Amino acid sequence: IRMSEQELLQCESMLKNLLVPDNTIRNQAQSQLADCLSTLQKKEALSIYCSLLLLNSTDLNVQNYCAIILRKIFLTSEKEISSEAVKNFSPKNKQEIKNNILLSLNKTTNKSLKKQIAEAAIRIYEGLYENEEKWDEFLKYVINIFNLDLTENNFNSIELGLFILSDIFSFAYDELKEGIPMFINKFKIYFSSNSLSLKANTVDCVSEILSSVSSKKEMKQFKDIIFNILETTKLCLEQKDEENIKICLDSLEDLATRVPEILKKNFENIYILMGKIIEEKDFDEKIREISFDIIISILEKYPKIIGDEKLAILVQSLFKYAMELEQTIDNDWLYPNVTSFISDEFIPEHKLDEACSLLSRLFKVCSEDKMLQLTSQNIMELINHSSEKDWKYKYIAYISVAEIMSFIKEINTIEKLISLILTDLNNPNVKIQYASLFCIAELSSVHNPDFQNEYHKKVVAQTIKILYESNCLRVQLECCDVLDCFIAHMTNSDAAIYL
């Protein structure tokens, strides 16, 4: 592909025009870019132009666009083994693009742009690897980063090296596995730094490598590093650093899911640390939910690792988390539109839905009898503390009953609870009334036809009455669900009574 200085300037002008406020100019630039991406030959030319502009343009926006375009052009789709760019671009042009990207990485000082260029380089390296081509210069660039001294001036470069290594290790495993001892030594040095960001990014890199190692021998090399991971997470907690604690927790969650055995010996410390994070109500709810998930993911592999006392505290924590519902009942809940009602979670309130989902996972891995005992205790405590003014107690209790219904073998073991639920069909609070209906729908689905045979006189007529008299659309919709679930498993003679 031959190119001129004029064509390079035209490409730069097109990229600049993508950000101008004038709609006509911007739309024209978008059309030009679409044309540049329309064929493989044009993509090849655009890739060379972008790599040159990365190196030589003085416009930061243009450079960012170039990095993004290169990443997208070399991205391997799910249907491909290697990207079409890697397979079809000429070796000469691929080499020029690689050279320009490496020169850009070394030249650029802007942290954000450097990461964008690195992401493009990673996608190119991945495509080359899958196409059985090499880019040894890129690996050398990464290795050289790990030879930098631990000084504050090098923190950004080291973080970039960690980012690249964590992304390429899984598919460059054969080339990098011999360097694991060296990497581990460097990780220990990074954990000694005073930069929380560097520590957290080291945690992320360790997690990615651990998820890729193929032998117990390699995994054992990391056993002492787990302490550093927990120590860094604890430091993030103490400093209320949500951004970096999220990185640490995502990494721990990944380990708990992929290689829980590496965390087994540290479960006691993990349990205590996650519990402290869960108690931090000022943290984003996602952070607290990941903490629950880490504990339960380890239990899914090693259910006997937790004692009765710790399990009881964990179950209680789930109910406490569920209790963090807003006291007000807004119109969106009372009168859901078609779109919101269909797209709603199974349980409308996110924290309650999450708590119930985690509770169900515990039922599947721990002793059902023990879980029923602990859950029942918490449910009855909620019911005993309920009042007309505070609907949350019964609401959460009844929704929780519905969630564990499939684990209750005989309905005669919960007759008193069913009696309370049926009574609350007439509760003046719409939330409690809705939760009662929700629970009855689940009883109807799980314990048919026994529930229908025993309770049809107390359910059908009352549900029809609520359907006609309620001013709450959500309650009315739940009435329809109850009737659908209930009547489907009634005998013809019982159903005929209500026709």
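These notebook entries record what I looked up in this predicted model.

I began with Glu349, which I found in the loop between helix H20 (338-343) and helix H21 (350-365). Its relative accessible area is 11%, so I noted Glu349 as buried, since buried means under 20%. I then looked up what Glu349 touches and, leaving aside residues up to four places away in sequence, I found Leu325, Trp333, Tyr395 and Lys431. With Lys431 there is also a polar contact between the two side chains, at 2.4 Å.

**Entry: aromatic rings**

I searched the whole structure for aromatic pairs and found 18. One of them is Tyr129 with Phe171, whose ring centres are 6.1 Å apart and whose planes lie at 45°, so I wrote this pair down as tilted. The pair links distant parts of the chain, because Tyr129 is in helix H7 (residues 111-130) while Phe171 is in the loop between helix H9 (155-168) and helix H10 (173-176), 42 residues apart. Tyr129 is partly exposed, with a relative accessible area of 26%, whereas Phe171 is buried at 10%.

I next looked at Phe169 and Tyr173, which form an edge-to-face pair with 5.9 Å from centre to centre and 75° between the planes. Both are buried: Phe169 has a relative accessibility of 0%, and Tyr173 has a relative accessible area of 12%.

Which residues do ring pairs link into a cluster? I listed Tyr125, Tyr129, Trp135, Phe138 and Phe171. I also noted a charge over a ring at Phe163, where the charged end of Lys115 sits 4.6 Å from the ring centre.

**Entry: backbone**

Most residues other than glycine have a negative phi, and most peptide bonds are trans, so I looked for departures from both. Glu132 has a positive phi, near 60°, and is a residue other than glycine. I placed Glu132 in the loop between H7 and helix H8 (136-145), and I recorded it as exposed, with a relative accessible area of 76%. Lys240, also not a glycine, has a positive phi of about 55°; it is found in the loop between helix H14 (225-238) and helix H15 (242-258), and it is partly exposed at 47%.

Last, I looked up a cis peptide bond, which joins Asn448 and Pro449 with omega at about -5°. Pro449 has its place in the loop between helix H25 (430-446) and helix H26 (450-469).

Terms used:
Residues numbered from 1 in each chain as written. Predicted model: local features only at pLDDT ≥ 70, side-chain atom pairs only at ≥ 80, totals over all residues. Heavy atoms only, no water. Helix = DSSP H or I, 4+ residues; strand = E, 2+ residues; numbered from the N terminus. Buried < 20%, exposed > 50% of the residue type's maximum accessible area, 1.4 Å probe, protein only. Polar contact = N/O pair within 3.5 Å; in protein donor to acceptor, adjacent residues only side chain to side chain. Contact = heavy atoms within 4.5 Å. Phe/Tyr/Trp six-rings, centres within 6.5 Å; stacked < 30°, edge-to-face > 60°. Lys NZ or Arg CZ within 6 Å of the ring centre and 35° of its normal.
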